[in-house]
Amino acid sequence: MPDPKLMKNDEKSPAINRVDGRLKVTGGAKYFAEFEIPGTTYCVLVTSTIARGSIASMETKKAEGAPGVLAVFTNLNLPKIPGLNTPEGNNAKKPSGGETYQMLTDKKILFAGQPIAMVIADTLERAQYAATLVKTTYSKQPHQTDLEKHKAKGVMPQGERNADYKRGNPDTYKTAPVVLEASYTLPIEVHNPMELHGILVNWTADDQVMIYAKTQGVQMTQKAVAKAFKLDEKNVHVHTEFMGGGFGMGLKTWPQEIAVVAAAKKLRKPVKLVVSRDQMFTMVGHRPYTTQTISMGADKAGKLVGIVHEATAETASYEDFTESTVGMTKFIYDCPNVSTTYRIVPLDRGVPIWMRGPGEATGAFALESAMDEMAAKLNLDPIEFRLRNYAETDPEKNRPFSSKHLKEAYQLGADKIGWSKRKNEPGALRDGEWLIGYGMSSGTFNASRGQASAKVILNQDGSLVIQSAVTDIGPGTGTAMVSIAHDVLGIPVGRIKFEMGDTTLPKAPTQGGSTITSTVGSAVYDTCTALKTSLAALAIAQGNSPFMGSKAEDLVFEDGMIQLKGDRKKKLPVGDVLKANNLPTLDRALDSKGGPEQETYSMYSFSVHFAEVRVNPVTGVVRVSNAVSVADSGRIVSPKTAASQMIGGVTGGIGMALTEEAVLDHRFGRLVNNNLADYHVPVSADVPHIDTIFIDKPDPYINPMGAKGMGEIALIGFAAAVANAVYNATGQRIRDLPITPDKVIKRVA
Amino acid sequence: MNQFQYVRVTTPKAAVAAVTKENNSLFLAGGTNLIDLMKRNVMSPEKLVDINKLPLNTIEKTATGLRIGALAKNTAVAEHELVRKSFPLLSMALNAGASPQLRNMATVGGNMMQRTRCGYFYDTAMPCNKREPGSGCGAIGGYNRMHAIFGTESSDRSSKCIAVHPSDMCIALVALDATVLVSGSKGERRIPFIDFHRLPGDAPEKDNTLQKGELIMAVDLPNNPFADHSHYLKVRDRASYAFALVSVGAALNLKGNTIQEARLAMGGVSHKPWRLTEVEQFLRGKPATEATFRQAADVAMKGAKGYGENDFKLTMAPNTLIDALKTAAKNA
Ligand SMILES: Cc1cc2nc3c(=O)[nH]c(=O)nc-3n(C[C@H](O)[C@H](O)[C@H](O)COP(=O)(O)OP(=O)(O)OC[C@H]3O[C@@H](n4cnc5c(N)ncnc54)[C@H](O)[C@@H]3O)c2cc1C
Ligand code: SF4
């Protein structure tokens, strides 16, 4: 593995602007729904109003006869999708709930909001109107949507990560001098990016299809469609260059996407589906409702004796969804006795999916709230309590961390927010009517390097093109990749173009789990390094070379030039090397992946969040008035987009802490606030100035750049920091998110 | 959304005629509420009569006060110099509502006529007496965190609807003794603002007392002595762009520290903008102290009733009232 020092790690990466920023703000960036294909038809989904039962009757004649309607597909007439029922198909593993679900294949209703018909017309408005004419009657069965009521039905999901975990004797906590037992709930959260989900499908031949979709991995969608329709993967072309926020909802190919592909095939016309905002709440996943209990014991000196972390989350009756809710508890603190259990309860609900900071964000809320509660019981400063239980090495896997600078992060964040103003005694700070409090929390997420390919092409004019199939779900992947290539080859940022989001480009993983900068970035790094080696050899060997007799390591690549170390006047523009060698272009492509170091070290990114809140004890209103987030995510390859990532994560954290909750009426099994007026994502006025601080020290092992991921840690833990600050302000501990004025006023007023 | 006809009219007379004669036709102003309801199939008019070309958007001084045209945009009213100077409560209330984009589109008439935001009203798969009389009230026994605590009873003492009127603007207008000028097929009439909206009673499908085809022309505000001591306090789930959990419009006329006269109304608590006349009487002649305001809050809360999830309003409403009065007493 290359030595990370190859990157000029004594210097910070330059703060370059988002390479596609201009395109995005001028409308030049094309999102999936904006591609225009002549003859496009529009699909509107009719959904189930009940949560469990079956379709008794469905009247589609009127809709079929409505102006402009081309077809109404239901379970009776959707063409069979050849590859869906194969054993290796979508429902390969039998789900804990025992049900199977494929859209429009039978009469079964497994959740409210389940698509039961597709109406396709020549305009969107006509399709919408015709959809209102489809009339359905149901045979209802009693539904179960309330996790609180059905917690006892929790099952341990399959898979090593979900198994019960135990080290030492976890029950020891019960006899510790100081004991805490507390339960926390996280409501259903919905991703709600601005861009609606959907797909645009155009069959260009009987066995060839072009797809524009809202997917976090074009090759993932390609595989799913190829498998469903028994096509050669190369005949499925998927394009997703830009995305108006993914946050996890595009991490799988949803049944309605496959159904649209089938409809387009049958109709021999391009079909576009853009789901409605209320359908965004039921059809493309959500963060699952989760209840957790943390039991914890510590000795009088503030050393943890034991932690027991139990989590129970919802899933669908037809699919097991799991996430790493209890993962962090296993390794974040030095504690000899730890156990975790994770259960899922199959409910009559659409299946959840990962949402930014999946699992850990939920777990960190509970664990980091509990740490604060314990610190209060011990009358210790919460940072001091964490320091007394600092894990220098990974206590779960008994091996070193590849890098961990959490202590430094605590310090930097504390200094920035003015932690010294905080009183350990709650309710001690006031500004007029408002109570002021400070809280902090840590976060962590797995860092890793997977496998990816990249291709780079150098032109005679000195410009460089980088290619990778990866999708940018918003963080600024293009910018990071350009920054890495610039670092290796010294080509000015403005002369580097990153081509992405298309299945014709070199293989890349799905974007998610904070792995792309590490994985695709490494591929770009390795490919650029290979190009550099070739260029150096050519430059030395060519006739009239100013570097005659020099060695490759004597050459410096800077400002689009190759220069001789020691005698910088000897130089050549990179493009001139191609001209001298009669090469129109020079390209390199390779596949790159991590090595044994990925198993030798525990690799995690860490974050520390600090929040200052103002609580109005009269009205119950809580506002975050100041926020500081510190990331230990290795080397920061693109400082500006990284800071934006943090700001976005903290904003999501404010939503999780104070405003976001999708509410079910269990009598009907339906959501009652499935729109953006009633489901409250934070608005600008909820978000204070956010200071983002980066440790910016390269991880020596993870990859050649030394960069760990940071998309998830930006959010993980923030909600706990807010809840802890609310406690510090009021002396009241609110363990059920979100912390809305009604909950505060019941306790404080 | 259903298919509908669209016509544009240029005179109030034509507007009234168009809506009076057709069964299922509605005026279209800013469209920020009506179009949303049509998209969700909650309202399905067969004809929209666009009134945006009517000359009803002026804001002008009159002999007795101020006249605001029904088509004046919420932003224009909130920012109008006369409004800010002499009716600051109205300006504050408007600016506490919705978002700048919505306020730029929303009209005064449309704001008064906006429907409740009750989630069951918006979901055609759920029961709702307001949307579908006789189907039941989903909010009772359900998600009623946003719902009413005052004036919910019907003639048999049960509740048929516990929705709230969502407007902020209307809280200021009802407090400031506004009058609504409407025009119908039988001519014009004036409705005191306090009688414009109604309680659900036995007919929750009716939000107000406007007759079929009647067009709101303008709102008249009488001059008032409250400009120095007005405050609109809105408690909501996020810092902006959220409907009120509870809001209070408070206006005081102080002589020294004595309350000469008070105007008070609450939002987020009832099917209509909730004017607190009894509390106003109680405050008359009393010192503007916290103790007075606490007593006033007790008077205000008489008859309040929670429905479970909205029980917190029984604490939040009086607290907000006291806080708003304190701030209004301080303002100058
Ligand atoms: C997301 C969101 C958040 C909001 N938040 C708030 C908030 O916090 N506070 C708040 O107060 N409001 C809020 N609103 C509501 C907003 O104030 C109303 O939508 C707006 O005032 C309606 O005005 P309009 O002109 O667009 O009405 P339209 O939608 O055009 O019409 C509404 C109704 O009024 C009728 N109508 C219109 N003009 C007349 C007239 N002259 N005579 C008779 N009938 C008429 C129409 O027929 C229709 O039935 C919010 C709205 C949205 C969408
Ligand atoms: S409160 Fe009123 S609007 Fe809401 S469901 Fe009940 S009847 Fe309908």
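This report walks through chain B of the model and the site around ligand 1.

The model is predicted: local features need pLDDT of at least 70, side-chain atom pairs count only at pLDDT 80 or more, and totals for chains, interfaces and linings use all residues. Residues are numbered from 1 along each chain as its sequence is written, chains are lettered from A and ligands numbered from 1 in the order in which they are written, and side-chain values use heavy atoms, with hydrogens and water left out.

**Chain B as a whole**

Let's start with the overall picture. Chain B has 13 helices and twelve strands; helices (H or I, at least four residues) and strands (E, at least two) are DSSP runs, numbered from the N terminus. Its C-alpha atoms fill a box of roughly 60 × 50 × 35 Å along the principal axes.

Of the 332 residues in chain B, 59% are buried. Here buried means under 20% relative accessible area, exposed means over 50%, and partly exposed lies in between (1.4 Å probe, protein chains only). Chain B is divided into domain 1 (5-52) and domain 2 (230-330), with bounds from an automatic or database domain assignment. The centres of these two domains, taken over C-alpha atoms, are 36 Å apart.

**The site around ligand 1**

Now to the ligand. Residues from chains A and B surround ligand 1, so the site is shared between chains. A residue is near the ligand if one of its heavy atoms lies within 4 Å of it. There are 34 residues around ligand 1, and Phe27(B), Gly31(B), Thr32(B), Thr107(B) and Asp168(B) come nearest.

The shell divides into 17 nonpolar, twelve polar and five charged residues. In this grouping Ala, Val, Leu, Ile, Met, Phe, Trp, Tyr, Cys and Pro count as nonpolar, Asp, Glu, Lys and Arg as charged, and the others, Gly among them, as polar. Helix H2 (34-39), helix H7 (108-113) and strand S8 (215-222) of chain B each supply at least two residues of the shell, and H7(B) gives the most, with four residues. Domain 1 and domain 2 of chain B each contribute at least three residues.

Polar contacts are pairs of N or O atoms within 3.5 Å; within protein, one must be able to donate a hydrogen and the other to accept it, and residues adjacent in sequence count only if both atoms are side-chain atoms. Here are some of those with the ligand.

| Residue | Its part in the contact | Ligand 1 atom | Distance |
|---|---|---|---|
| Ala98(B) | polar backbone atom | oxygen | 2.9 Å |
| Thr107(B) | N or O atom in the side chain | oxygen | 2.7 Å |
| Gln114(B) | polar side-chain atom | nitrogen | 3.4 Å |

Taken alone, ligand 1 exposes 970 Å², and the protein buries 96% of that. Accessible areas come from the Shrake-Rupley method with a 1.4 Å probe; for residues, only the protein chains shown count as cover.

Thr116(B) lies in the loop between H7 and H8 of chain B and is buried at 5% relative accessibility. Its side chain reaches the backbone nitrogen of Cys118(B) at 3.3 Å, and a polar atom of that side chain lies 2.9 Å from the backbone oxygen of Val164(B).

Ser247(B) belongs to strand S10 (residues 244-255) and is buried, with a relative accessible area of 0%. A polar contact of 2.8 Å joins its side chain to that of Tyr232(B).

Ile162(B), in the loop between helix H8 (119-122) and helix H9 (169-175) of chain B, counts as buried at 0% relative accessibility. Ile162(B) and His147(B) are 15 residues apart in sequence and 5.9 Å apart in space, C-alpha to C-alpha.
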